Structure formats: structure tokens, C-alpha cells
Amino acid sequence: QVQLVESGGGLVQPGGSLRLSCAASGSIFSINAMGWYRQAPGKQRELVANITSGGSTNYADSVKGRFTISRDNAKNTRYLQMNSLKPEDTAVYYCNAQILEYGSRWSNDYWGQGTQVTVSS
């Protein structure tokens, strides 16, 4: 069974920075794509950023130029560096990955438990 474990959330002042980490573990043959979604109270979950197995990245317009997604393939870990944080970035951030497990024919979609990011003075 695959698990995604997130870390790095917390409280930060506007203009500050945080780095989120998401480590995948288990019977992983390959990771097709991995990234971050977020959900603020009363709003739908939205894509923040992801990175494909080929290294292509995709960002929400609201975070372009401020957030950077990166990866360490040896550790099956993805990072989200968040700079110039704004109050509207406050949300629960969820790691998401499409993972092909050993012995499986299709990839499955996995989610982390979520980590709270609060941007407030």
C-alpha cells in the first residue's frame, strides 16, 4: 500500500515563506505525476502545482512566480517552496500523486492527510 506523508505547514506572516514536503512510500514502481492541491474553508479544492515524471510543471495562475515545485526522485519526495505568501493562500494543502505500484496494470490516485497553511499577521 502506498502512503503520502506531508510536512511543513504552519503559521506565517504575509510576505513570508514555507516549504512543504510530500514523501511517498510503499510498493512504488513509478510516479506519473505528483503535486499539491489546496482547499480553503467554503471553497472547492484546487490545483496549486504539480510535476510530471518528465519534469514538466504546472502552476495555478494565482501562485505563478511565488511557488516552486521540485522533486527528489531518489527519495520519492516532492517539495513546494512557497514565497511571498498572502492571506488568500491560507488553506489545507494536500499532496496528490498518480502512482503505479509493482504488479499493477494501472496507476492509482493517492492523497496525503493534508497540512494546514495559515498566512496571517
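**Core, disulfide and a buried glycine**

The largest nonpolar core has 31 residues. Leu4, Trp36, Leu80, Met82, Tyr93 and Ile99 have the most contacts inside this core. At least two core residues come from each of β3, β4 (28-39), β5 (46-52), β7 (67-72), β8 (77-82), β9 and β11. Strand β9 gives the most, with five residues. The model described here is predicted.

Neighbours within four places in sequence are left aside here. Leu80 is then in contact with Leu18, Arg19 and Leu20, and also with Trp36, Val48 and Ala49. Phe67, Thr68, Ile69 and Tyr93 are in contact with Leu80 as well.

A search of the whole structure finds one disulfide. Its partners are Cys22 and Cys95, with sulfur atoms 2.0 Å apart. The pair links distant parts of the chain. Cys22 lies in strand β3 (residues 18-25) and Cys95 in strand β9 (residues 91-101), 73 residues apart. The link of Cys22 and Cys95 is left-handed, with -85° about the S-S bond. Both Cys22 and Cys95 are buried.

Gly112 sits in the loop between β10 (108-111) and β11 (115-119). Its relative accessibility is 10%, so Gly112 counts as buried; the cut-off for buried is under 20%. Gly112 and Ile31 are 81 residues apart in sequence. In space, the C-alpha atoms of Gly112 and Ile31 are 15 Å apart.

Technical notes. Residues numbered from 1 in each chain as written. Predicted model: local features only at pLDDT ≥ 70, side-chain atom pairs only at ≥ 80, totals over all residues. Heavy atoms only, no water. Disulfide = S-S within 2.5 Å. Helix = DSSP H or I, 4+ residues; strand = E, 2+ residues; numbered from the N terminus. Buried < 20%, exposed > 50% of the residue type's maximum accessible area, 1.4 Å probe, protein only. Core = buried A, V, L, I, M, F, W, Y, C linked by side-chain atoms within 4.5 Å. Contact = heavy atoms within 4.5 Å.
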